[in-house]
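Subject: Structure handover

Hello,

Please find the structure below, for your own use. My notes on what was found in it follow.

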Amino acid sequence: MTTGLWDRETFVEKLRAIGVRGYHDKHPFHVAMNEGRLLPEALRGWVANRFYYQRNIPIKDAAILANCPVREVRRAWIHRILDHDGVATRRGGVQSAQPGEISAAGKPPNEGGIEAWLRLGEACGISRDGLLDNRHLLPGVRFAVDAYVNFARSQPWPIAIASSLTELFAPDLMTARLVAFEKFYRWIDPRGLDYFRRRVTQARRDSDEALAITLEYCNTPELQREAVRALEFKCDVLWSMLDAIHHGYFKEGRSLVCPVGNFGGRETGAPC
(Lines give C-alpha, C1' and ligand atoms only; values in the text may rest on other atoms or scores of the structure.)
Protein backbone atom coordinates (compact mmCIF):
# COMPACT_ATOMS: atom_id res chain seq x y z
CA MET A 1 0.00 0.00 0.00
CA THR A 2 1.38 3.40 -0.95
CA THR A 3 1.57 5.93 1.87
CA GLY A 4 3.04 8.91 0.03
CA LEU A 5 1.44 12.19 -0.93
CA TRP A 6 -1.13 11.87 -3.70
CA ASP A 7 -0.86 14.23 -6.63
CA ARG A 8 -3.78 16.57 -7.23
CA GLU A 9 -5.49 14.36 -9.80
CA THR A 10 -5.28 11.26 -7.63
CA PHE A 11 -6.56 13.13 -4.57
CA VAL A 12 -9.57 14.47 -6.48
CA GLU A 13 -10.24 11.01 -7.92
CA LYS A 14 -10.22 9.49 -4.42
CA LEU A 15 -12.69 12.11 -3.19
CA ARG A 16 -15.05 11.77 -6.14
CA ALA A 17 -15.02 7.98 -5.82
CA ILE A 18 -16.67 8.34 -2.41
CA GLY A 19 -19.73 9.91 -4.03
CA VAL A 20 -19.87 7.29 -6.77
CA ARG A 21 -20.22 4.49 -4.24
CA GLY A 22 -21.76 6.13 -1.19
CA TYR A 23 -23.70 9.34 -1.87
CA HIS A 24 -27.27 9.26 -0.59
CA ASP A 25 -28.83 9.60 -4.04
CA LYS A 26 -28.45 5.81 -4.16
CA HIS A 27 -30.44 5.20 -0.98
CA PRO A 28 -33.72 3.31 -1.59
CA PHE A 29 -35.79 6.14 -0.10
CA HIS A 30 -34.14 8.74 -2.31
CA VAL A 31 -34.52 6.54 -5.40
CA ALA A 32 -38.21 6.11 -4.61
CA MET A 33 -38.61 9.86 -4.15
CA ASN A 34 -37.08 10.64 -7.53
CA GLU A 35 -39.22 7.98 -9.19
CA GLY A 36 -42.41 9.50 -7.81
CA ARG A 37 -43.22 6.57 -5.50
CA LEU A 38 -43.55 8.42 -2.20
CA LEU A 39 -46.95 8.93 -0.64
CA PRO A 40 -47.59 12.44 0.71
CA GLU A 41 -47.03 11.32 4.30
CA ALA A 42 -43.56 10.00 3.50
CA LEU A 43 -42.59 13.06 1.50
CA ARG A 44 -43.73 15.37 4.29
CA GLY A 45 -41.72 13.26 6.72
CA TRP A 46 -38.62 13.72 4.61
CA VAL A 47 -39.13 17.48 4.34
CA ALA A 48 -39.72 17.82 8.09
CA ASN A 49 -36.71 15.75 9.10
CA ARG A 50 -34.38 17.21 6.53
CA PHE A 51 -35.17 20.63 7.98
CA TYR A 52 -33.21 19.71 11.10
CA TYR A 53 -30.17 19.24 8.88
CA GLN A 54 -30.80 22.53 7.07
CA ARG A 55 -31.06 24.57 10.26
CA ASN A 56 -27.81 23.07 11.58
CA ILE A 57 -25.72 23.86 8.50
CA PRO A 58 -24.85 27.42 9.62
CA ILE A 59 -24.03 26.11 13.10
CA LYS A 60 -21.65 23.60 11.52
CA ASP A 61 -20.07 26.33 9.39
CA ALA A 62 -19.71 28.62 12.39
CA ALA A 63 -17.80 25.85 14.17
CA ILE A 64 -15.43 25.57 11.22
CA LEU A 65 -14.86 29.32 11.26
CA ALA A 66 -14.21 29.28 15.01
CA ASN A 67 -11.48 26.67 14.56
CA CYS A 68 -9.84 28.24 11.50
CA PRO A 69 -6.92 30.65 12.06
CA VAL A 70 -6.50 31.46 8.35
CA ARG A 71 -8.14 34.77 7.50
CA GLU A 72 -8.39 34.06 3.77
CA VAL A 73 -10.28 30.83 4.43
CA ARG A 74 -12.62 32.50 6.91
CA ARG A 75 -13.40 35.25 4.39
CA ALA A 76 -14.18 32.65 1.74
CA TRP A 77 -16.30 30.48 4.04
CA ILE A 78 -18.40 33.00 5.94
CA HIS A 79 -20.95 33.54 3.16
CA ARG A 80 -22.27 30.05 3.80
CA ILE A 81 -23.80 31.15 7.08
CA LEU A 82 -25.63 34.00 5.37
CA ASP A 83 -26.67 31.69 2.52
CA HIS A 84 -28.64 29.64 5.05
CA ASP A 85 -29.55 32.10 7.80
CA GLY A 86 -30.32 34.92 5.36
CA VAL A 87 -29.37 38.58 5.49
CA ALA A 88 -31.09 40.71 8.11
CA THR A 89 -32.74 43.99 7.16
CA ARG A 90 -33.02 47.02 9.40
CA ARG A 91 -36.48 48.46 9.81
CA GLY A 92 -36.92 49.95 13.24
CA GLY A 93 -34.50 47.27 14.42
CA VAL A 94 -32.87 44.21 12.94
CA GLN A 95 -35.16 41.55 11.55
CA SER A 96 -35.00 38.79 9.00
CA ALA A 97 -36.15 39.41 5.45
CA GLN A 98 -39.79 38.53 4.95
CA PRO A 99 -41.05 36.38 2.06
CA GLY A 100 -41.78 38.55 -0.96
CA GLU A 101 -40.00 41.58 0.48
CA ILE A 102 -38.21 43.84 -2.02
CA SER A 103 -35.03 45.70 -1.14
CA ALA A 104 -34.31 49.36 -1.89
CA ALA A 105 -32.33 48.21 -4.92
CA GLY A 106 -35.48 46.65 -6.37
CA LYS A 107 -34.31 43.10 -5.75
CA PRO A 108 -35.54 40.56 -3.18
CA PRO A 109 -33.15 40.30 -0.22
CA ASN A 110 -31.35 37.08 0.58
CA GLU A 111 -33.92 35.29 2.70
CA GLY A 112 -31.62 32.32 3.19
CA GLY A 113 -31.98 28.60 2.73
CA ILE A 114 -33.68 28.02 6.08
CA GLU A 115 -36.50 30.38 5.16
CA ALA A 116 -36.77 28.77 1.73
CA TRP A 117 -37.05 25.35 3.35
CA LEU A 118 -39.76 26.60 5.69
CA ARG A 119 -41.70 27.67 2.60
CA LEU A 120 -41.15 24.21 1.12
CA GLY A 121 -42.67 22.76 4.27
CA GLU A 122 -45.68 25.07 4.01
CA ALA A 123 -46.06 24.14 0.33
CA CYS A 124 -46.22 20.49 1.44
CA GLY A 125 -48.79 21.22 4.15
CA ILE A 126 -46.45 21.35 7.18
CA SER A 127 -46.81 24.32 9.51
CA ARG A 128 -43.82 26.55 10.23
CA ASP A 129 -44.28 25.93 13.93
CA GLY A 130 -44.24 22.20 13.31
CA LEU A 131 -40.84 22.50 11.66
CA LEU A 132 -39.34 25.04 14.04
CA ASP A 133 -40.22 23.10 17.19
CA ASN A 134 -38.93 19.79 15.73
CA ARG A 135 -42.37 18.29 16.16
CA HIS A 136 -41.78 15.65 13.48
CA LEU A 137 -38.08 15.00 14.12
CA LEU A 138 -37.03 11.35 14.32
CA PRO A 139 -34.38 10.36 16.91
CA GLY A 140 -32.13 8.79 14.29
CA VAL A 141 -32.09 11.97 12.23
CA ARG A 142 -31.31 14.09 15.30
CA PHE A 143 -28.46 11.74 16.21
CA ALA A 144 -26.93 11.80 12.72
CA VAL A 145 -27.12 15.59 12.33
CA ASP A 146 -25.77 16.23 15.83
CA ALA A 147 -22.87 13.89 15.06
CA TYR A 148 -22.04 15.97 11.99
CA VAL A 149 -22.08 19.23 13.95
CA ASN A 150 -19.88 17.68 16.65
CA PHE A 151 -17.50 16.43 13.95
CA ALA A 152 -17.11 19.97 12.61
CA ARG A 153 -16.45 21.28 16.12
CA SER A 154 -13.92 18.64 17.11
CA GLN A 155 -11.93 17.93 13.95
CA PRO A 156 -9.13 20.07 12.48
CA TRP A 157 -10.75 22.70 10.28
CA PRO A 158 -9.34 21.39 6.95
CA ILE A 159 -10.86 17.99 7.71
CA ALA A 160 -14.21 19.53 8.65
CA ILE A 161 -14.18 21.43 5.36
CA ALA A 162 -13.39 18.22 3.47
CA SER A 163 -16.48 16.62 4.98
CA SER A 164 -18.61 19.23 3.19
CA LEU A 165 -17.45 17.94 -0.20
CA THR A 166 -20.69 16.06 -0.65
CA GLU A 167 -21.42 19.35 -2.45
CA LEU A 168 -19.42 17.92 -5.35
CA PHE A 169 -22.35 15.64 -6.06
CA ALA A 170 -25.17 18.01 -5.11
CA PRO A 171 -25.79 19.96 -8.36
CA ASP A 172 -26.82 16.83 -10.28
CA LEU A 173 -28.89 15.65 -7.33
CA MET A 174 -30.69 18.99 -7.04
CA THR A 175 -31.40 19.10 -10.76
CA ALA A 176 -32.86 15.59 -10.73
CA ARG A 177 -34.84 16.31 -7.55
CA LEU A 178 -36.39 19.45 -9.01
CA VAL A 179 -37.45 17.57 -12.15
CA ALA A 180 -38.96 14.79 -10.03
CA PHE A 181 -40.90 17.15 -7.76
CA GLU A 182 -42.30 19.11 -10.69
CA LYS A 183 -43.29 15.92 -12.51
CA PHE A 184 -44.56 13.61 -9.76
CA TYR A 185 -45.58 15.79 -6.81
CA ARG A 186 -47.76 18.41 -8.41
CA TRP A 187 -49.79 18.75 -5.22
CA ILE A 188 -46.87 20.79 -3.86
CA ASP A 189 -47.08 24.53 -4.53
CA PRO A 190 -44.22 25.10 -7.03
CA ARG A 191 -43.21 28.28 -5.21
CA GLY A 192 -42.01 26.00 -2.45
CA LEU A 193 -39.30 24.55 -4.68
CA ASP A 194 -37.14 27.69 -4.69
CA TYR A 195 -34.59 26.11 -2.38
CA PHE A 196 -33.78 23.41 -4.93
CA ARG A 197 -33.56 25.93 -7.77
CA ARG A 198 -31.04 28.16 -6.01
CA ARG A 199 -28.94 25.29 -4.67
CA VAL A 200 -28.16 24.01 -8.18
CA THR A 201 -25.98 27.10 -8.62
CA GLN A 202 -24.89 27.54 -5.01
CA ALA A 203 -23.73 23.95 -4.59
CA ARG A 204 -21.54 24.17 -7.68
CA ARG A 205 -19.92 27.35 -6.39
CA ASP A 206 -19.55 25.97 -2.87
CA SER A 207 -18.04 22.67 -4.01
CA ASP A 208 -15.44 24.43 -6.14
CA GLU A 209 -14.54 26.58 -3.15
CA ALA A 210 -14.35 23.69 -0.67
CA LEU A 211 -12.36 21.52 -3.07
CA ALA A 212 -9.79 24.27 -3.63
CA ILE A 213 -9.35 24.71 0.13
CA THR A 214 -9.10 20.96 0.70
CA LEU A 215 -6.47 20.53 -2.01
CA GLU A 216 -4.39 23.38 -0.62
CA TYR A 217 -4.53 22.66 3.10
CA CYS A 218 -4.81 18.86 3.19
CA ASN A 219 -1.22 18.76 2.02
CA THR A 220 0.28 15.78 3.84
CA PRO A 221 -0.42 12.06 3.32
CA GLU A 222 -2.11 11.93 6.71
CA LEU A 223 -4.37 14.92 6.02
CA GLN A 224 -5.28 13.64 2.55
CA ARG A 225 -6.40 10.32 3.94
CA GLU A 226 -8.26 11.99 6.79
CA ALA A 227 -10.04 14.17 4.22
CA VAL A 228 -11.22 11.07 2.35
CA ARG A 229 -12.42 9.52 5.60
CA ALA A 230 -14.20 12.76 6.49
CA LEU A 231 -16.11 12.68 3.22
CA GLU A 232 -17.00 9.04 3.84
CA PHE A 233 -18.30 10.06 7.26
CA LYS A 234 -20.47 12.81 5.77
CA CYS A 235 -21.94 10.37 3.26
CA ASP A 236 -22.70 8.05 6.17
CA VAL A 237 -24.48 10.92 7.96
CA LEU A 238 -26.72 11.58 4.97
CA TRP A 239 -27.33 7.85 4.48
CA SER A 240 -28.17 7.36 8.16
CA MET A 241 -30.70 10.17 8.00
CA LEU A 242 -32.51 8.42 5.17
CA ASP A 243 -32.31 5.09 7.00
CA ALA A 244 -34.10 6.70 9.95
CA ILE A 245 -36.73 8.33 7.72
CA HIS A 246 -37.30 5.09 5.80
CA HIS A 247 -37.80 3.16 9.03
CA GLY A 248 -39.93 5.95 10.47
CA TYR A 249 -42.41 5.63 7.63
CA PHE A 250 -42.59 1.85 7.61
CA LYS A 251 -45.89 0.98 9.19
CA GLU A 252 -48.36 -1.90 9.47
CA GLY A 253 -46.48 -4.37 7.34
CA ARG A 254 -45.94 -2.12 4.37
CA SER A 255 -43.68 0.75 3.51
CA LEU A 256 -44.69 4.09 2.11
CA VAL A 257 -41.96 3.40 -0.43
CA CYS A 258 -41.23 0.11 -2.16
CA PRO A 259 -37.58 -0.18 -3.22
CA VAL A 260 -35.56 -3.30 -2.40
CA GLY A 261 -32.01 -4.44 -2.95
CA ASN A 262 -28.48 -3.33 -2.36
CA PHE A 263 -27.62 0.27 -3.26
CA GLY A 264 -24.10 1.60 -3.29
CA GLY A 265 -22.76 -1.43 -1.44
CA ARG A 266 -25.15 -0.88 1.49
CA GLU A 267 -28.15 -2.92 2.57
CA THR A 268 -31.31 -1.18 3.64
CA GLY A 269 -32.96 -2.60 6.69
CA ALA A 270 -36.47 -1.37 5.93
CA PRO A 271 -38.65 -4.05 4.32
CA CYS A 272 -41.44 -3.36 1.82
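Helices here are DSSP runs of H or I with at least four residues, strands are E runs of at least two, and both are numbered from the N terminus. On that basis, asparagine 134 sits in the loop between α7 and α8. Please keep in mind that this is a predicted model.

Asparagine 134 is not a glycine, yet its phi is positive, at about 60°. For context, most residues other than glycine have a negative phi. Asparagine 134 has a relative accessibility of 22%, so it counts as partly exposed; the cut-off for buried is under 20%.

Histidine 136 is placed in the loop between α7 (128–132) and α8 as well. Histidine 136 is partly exposed, at 34% relative accessibility. Beyond its neighbours within four places in sequence, histidine 136 contacts Ala48, Asn49, Ile126 and Gly130.

Overall figures

The protein has 272 residues, and 52% of them count as buried. Its secondary structure consists of 12 helices and six strands. Of the contacts with a separation of 6 or more, 76% are between residues 24 or more positions apart.

Packing around α3

Helix α3 (residues 40–67) packs against helix α6 (residues 113–124) at an angle of about 170°, and the axes are 10 Å apart. The two helices are therefore roughly antiparallel, since angles over 145 degrees count as such. On the α3 side the contact involves Arg44, Trp46, Val47, Arg50, Phe51, Gln54, Arg55 and Pro58, and on the α6 side Ile114, Trp117, Leu118, Leu120, Gly121 and Cys124. Sorted by class, these are nine nonpolar, two polar and three charged residues.

Helix α3 also packs against helix α8 (residues 139–154), where the axes come within 8 Å and cross at roughly 10°. That angle makes α3 and α8 roughly parallel. From α3, the residues in this contact are Asn49, Tyr52, Tyr53, Asn56, Ile59, Lys60, Ala63, Ile64 and Asn67; they meet Val141, Arg142, Val145, Asp146, Tyr148, Val149, Ala152 and Arg153 of α8. The classes are 10 nonpolar, three polar and four charged residues.

Contact of α6 with α11

The axes of α6 and α11 cross at roughly 145° and come within 8 Å. Here Gly113, Ala116, Trp117, Arg119 and Leu120 of α6 touch Asp194, Tyr195, Phe196 and Arg198 of α11. This contact holds five nonpolar, one polar and three charged residues. Trp117 and Leu120 are listed in the contact of α6 with α3 and in the contact with α11.

Nonpolar core

The largest nonpolar core has 81 residues, and the members that touch the most others are Trp46, Phe181 and Phe196. Helix α3 supplies the largest share of this core, 12 residues. Apart from residues up to four places away in sequence, phenylalanine 181 touches Met33, Leu43, Trp46, Arg186, Ile188, Leu193 and Phe196. In soluble globular proteins, nonpolar side chains tend to be buried together.

Tryptophan 77

Tryptophan 77 belongs to helix α4 (residues 71–77). Its relative accessible area is 0%, so tryptophan 77 is buried. The C-alpha atoms of tryptophan 77 and isoleucine 64 are 8.7 Å apart, and the two residues are 13 apart in sequence.

Cysteines and asparagine 219

The structure has zero disulfides. Cysteine 218 is buried at 0% relative accessible area, and cysteine 235 is buried at 1%.

Asparagine 219 lies in the loop between α11 (194–217) and α12 (221–248). With a relative accessible area of 45%, asparagine 219 is partly exposed. Its C-alpha atom is separated by 9.0 Å from that of tryptophan 6, which is 213 residues away along the chain.

Regards

Methods: Residues are numbered from 1 along each chain as its sequence is written. This is a predicted model: local features need pLDDT of at least 70, side-chain atom pairs count only at pLDDT 80 or more; totals for chains, interfaces and linings use all residues. Side-chain values use heavy atoms; hydrogens and water are left out. Axes are lines fitted to C-alpha atoms, for helices over the stretch in contact, and angles run from 0 to 180 degrees between N-to-C directions. Angles under 35 degrees count as roughly parallel, over 145 as roughly antiparallel, 65 to 115 as roughly perpendicular and the rest as oblique. Contact means heavy atoms within 4.5 Å. Ala, Val, Leu, Ile, Met, Phe, Trp, Tyr, Cys and Pro count as nonpolar, Asp, Glu, Lys and Arg as charged, and the others, Gly among them, as polar. A disulfide is a pair of cysteine sulfur atoms within 2.5 Å. Buried means under 20% relative accessible area, exposed over 50%, partly exposed in between (1.4 Å probe, protein chains only). A nonpolar core is a set of buried Ala, Val, Leu, Ile, Met, Phe, Trp, Tyr and Cys residues joined through side-chain atoms within 4.5 Å.
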